[in-house]
Amino acid sequence: MAHTGTAPSAPSGPPGPSGPAGPAPVVEVRAVTVAFGGLLALRDIDLAIARGERLAVLGPNGAGKTTLFNVIAGDVTPAAGSVVIKGVECVHRPSRYRPRLGVARTYQKARALAGLTVRENIYLALAGLRGRHRPLWRTAADRRMGEEAADVAHRVWLAGQLDAAAGELSHGQQRQLELGMAIATRPDVMLLDEPASGLSRGERERLVELLESFDEELTLLLVEHDMDVAFRIARRVVVMADGEQVTAGTPEQVRADPQVHRIYLGTEAPA
Ligand SMILES: Nc1ncnc2c1ncn2[C@@H]1O[C@H](COP(=O)(O)OP(=O)(O)OP(=O)(O)O)[C@@H](O)[C@H]1O
């Protein structure tokens, strides 16, 4: 079985319900196998994520990172295994069920509607949270929604852009809006799909600072190609290759692991 490590708050004992080993993980992936035809994209993967963890999944192309992410997000149903979120078995529940369990995700490609303002896009996320489908002008007339939207924008450093069209924002600001639309759903767990992709160096720096500013109770799982970004955000890093875990540990441990250098970077670890 490919163990991808145990959450730091539950250092001993198998992943499972709350007990002497510590609080139950907020997300548990148990013995998950995903097959695409004859290809095993994930092989018997276990992963336990504690509340408030900052976890990055790294690995070369085709390692299975996105597939693991999609299994947790409910976009891929495994051939075997289970996904338990806050104690609820949800491997066969579709992705639209995840927000009810406090799980939000971001996408590599911006999902915000370019013709709407930052405020209006956040309204859409807030309305989705409440399961309401009502015209935007009615939402805009709701003072409490207005205050909430302003608060969300403030939390993702877009307070000054509330009335700007999403399509006119810089790439980095669009990523901030994407995070804001996820934050608006008041998640316990945020799944970040390559949050740094396509960003300039300065924008990546800002992204790291923004993610570090989030409430420490918020659990972050990111799949990221940019090792620098991943190592700075994550407190634990899981490295995958060929659908299996290669290693897991703190960024320092993973950075120094010769296996990682061989398999992931194709080089030897620096002396
Ligand atoms: N929908 C699919 N149908 C068939 N094969 C797939 C599908 N999705 C992924 N795969 C295959 O599963 C394996 C794992 O892919 P996955 O996208 O999870 O890897 P990854 O680590 O995210 O790679 P990358 O960094 O390139 O995105 C790859 O061999 C990929 O070609």
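Helices here are DSSP runs of H or I with at least four residues, strands are runs of E with at least two, and both are numbered from the N terminus.

Some ground rules. This is a predicted model: local features need pLDDT of at least 70, side-chain atom pairs count only at pLDDT 80 or more, and totals for chains, interfaces and linings use all residues. Residues are numbered from 1 along each chain as its sequence is written.

Stay with H1. Call a residue buried if 20 or more other C-beta atoms lie within 10 Å of its own, with C-beta atoms placed from the backbone. Nine of the nine residues of H1 are buried, so the helix is largely enclosed by the rest of the structure. Among them are Lys65, Phe69 and Ala73.

Now the ligand. Which element gives the most to the shell around the ligand? H1 does, with three residues. Strand S3 (39-49) also supplies at least two. The surrounding residues include Phe36, Leu39, Asn61, Lys65 and Thr67; near means a C-beta atom, placed from the backbone, within 6 Å. By class, the shell has four nonpolar, six polar and one charged residue. Nonpolar covers Ala, Val, Leu, Ile, Met, Phe, Trp, Tyr, Cys and Pro; charged covers Asp, Glu, Lys and Arg; the others, Gly among them, are polar.

Next, strand S7, residues 103-106. In a regular strand, side chains alternate between the two faces of the sheet. Both faces of S7 are covered. Val103 and Arg105 are buried on one side, Ala104 and Thr106 on the other. S7 pairs with strand S8 (residues 189-193) in the parallel sense, over four bridges. Pairing needs at least two DSSP bridges. Valine 103 stands opposite valine 189 in S8.

On to the core. A nonpolar core is a set of buried Ala, Val, Leu, Ile, Met, Phe, Trp, Tyr and Cys residues joined through C-beta atoms within 7 Å. The largest has 71 residues, and Ile72 and Leu191 are among those that touch the most other members. S3 gives the most to this core, with six residues.

Last, the domains. An automatic or database assignment sets the bounds. The chain is divided into domain 1 (1-102 + 188-271) and domain 2 (109-186). Their contact, with C-beta atoms placed from the backbone and within 7 Å, takes nine residues from each domain. On the domain 1 side, helix H6 (residues 201-213) gives the most, with four residues. That side has six nonpolar, one polar and two charged residues.

Methods:
A residue is buried if 20 or more other C-beta atoms lie within 10 Å of its own, exposed if 12 or fewer, and partly exposed in between; C-beta atoms are placed from the backbone. Two residues are in contact if their C-beta atoms, placed from the backbone, lie within 7 Å.
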